[in-house]
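This report describes a single protein chain for a reader who has its sequence and coordinates at hand. Please keep both in view while reading.

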Amino acid sequence: MTMLTITLIGGPTALIEVCGFRLLTDPTFDGPGEYQLPHVTLRKTSRPALTVQEVGPVDAVLLSHDQHSDNLDNAGKAFLAEVGRVLTTVAGAKRLGGHAEGLSPWDTKQLSKPDGRVLQVTATPARHGPAGIEPLSGDVIGFMLSFADPDIRPIYITGDTVWYDGVAEVARRFRCGVVLPFAGAARTRGPFHLTMDTNDVIETAHAFPDAAIVPLHADGWAHFTQGRDDLAASFNAFGLGTRLRLLQAGVATEIGLPI
């Protein structure tokens, strides 16, 4: 069994280490503080568990979107300049410039190592709230990590999305071993969620019936309305508790990728 190591840094930011590749999701390295967006002030409530220096070099940043500070803050944006590859939305790549690479849903990129190891990254669809939210939220993508060895199951990082047909289509196309849903039931614009709530995460668990569920983006920001305890209680109520892996910030956690 291939081992995957995930280290939660805080919010949506996690270091993923697998098959010799080191990947970072949505970099947020600022301390607590406020960020004024056009429609709301976001408040970060906790520090990252690791500094940029403690994270060290990575092969790529997987950036679900650049337009919200809880997915890319000031220190996170500065970190992008130190990374060889930055994969993000097409609109985000245009805004960021430099070496950022834009992907639309189902586009693929390859990461490679000098010894010939290859990791395929596929952009997946994401919807950052209810139907019709796109003009307000902007574009978002998730990521699928696939391996040359067919015995290694793919890893799915949802990005900021709710459960909807796009996520269901990902489940139809890929038999994943690990799913990292962006949870927290974020609310900023009204009485509706912009990221997965417990219902959505359970729906996702059923769509990927034998995958380990490893939530991200469920802590560290004031606009989250659900957290780790809500996820644990919900999964236990449905007899799914053994499939839920709740990460401790700053702790490198090994997870086996099932065949």
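Predicted model: local features only at pLDDT ≥ 70, side-chain atom pairs only at ≥ 80, totals over all residues.

**Basis of the values**

Residues are numbered from 1 along each chain as its sequence is written, and side-chain values use heavy atoms, with hydrogens and water left out.

**Overall fold**

The protein chain contains seven helices and 15 strands; helices (H or I, at least four residues) and strands (E, at least two) are DSSP runs, numbered from the N terminus. Its radius of gyration is 17 Å, close to the 18 Å that the globule rule gives for 259 residues, so the chain is as compact as a globular protein of that length. The radius is taken over C-alpha atoms, and the rule is 2.2 Å times the number of residues to the power 0.38. Along the principal axes, the C-alpha atoms fill a box of roughly 45 × 45 × 35 Å.

Of the 259 residues, 55% count as buried. Buried means under 20% relative accessible area, exposed over 50%, and partly exposed in between (1.4 Å probe, protein chains only). Among contacts (heavy atoms within 4.5 Å) between residues at least 6 apart in sequence, 62% join residues at least 24 apart.

**The pair α6 and α7**

How do the axes of α6 and α7 cross? The axes of helix α6 (residues 198-207) and helix α7 (residues 228-237) come within 10 Å and cross at roughly 50 degrees. Axes are lines fitted to C-alpha atoms, for helices over the stretch in contact, and angles run from 0 to 180 degrees between N-to-C directions. The two helices are therefore oblique to each other; angles under 35 degrees count as roughly parallel, over 145 as roughly antiparallel, 65 to 115 as roughly perpendicular and the rest as oblique.

The contact is made by T198, V201, I202 and A205 of α6 together with D230, L231, S234 and F235 of α7. These residues divide into five nonpolar, two polar and one charged. In an α-helix there are 3.6 residues a turn, so residues three or four places apart point the same way.

**Helix α5 and its surroundings**

In α5, the residues G166, V167, A168, V170 and A171 are buried. The buried residues of α5 pack against β10 (118-125), β11 (141-147), β12 and α6.

T161 lies in the loop between β12 (155-157) and α5 (165-173). Not counting residues up to four places away in sequence, T161 touches A126, R127, H128, V167, F182, L194, T195 and M196.

**Loop residues**

A186 is found in the loop between β13 (178-180) and α6. With its neighbours within four places in sequence left aside, A186 is in contact with F192, H193, L194, T195, H223 and F224. A186 and D160 are 26 residues apart in sequence and 9.4 Å apart in space, C-alpha to C-alpha.

C19, in the loop between β2 (13-18) and β3 (21-25), has a positive phi of about 50 degrees although it is not a glycine. H217, in the loop between β14 (212-213) and α7, has a positive phi of about 55 degrees and is not a glycine either.

| Residue | Relative accessible area | Class |
|---|---|---|
| T161 | 0% | buried |
| A186 | 3% | buried |
| C19 | 27% | partly exposed |
| H217 | 0% | buried |

Notes. Nonpolar A, V, L, I, M, F, W, Y, C, P; charged D, E, K, R; others polar.
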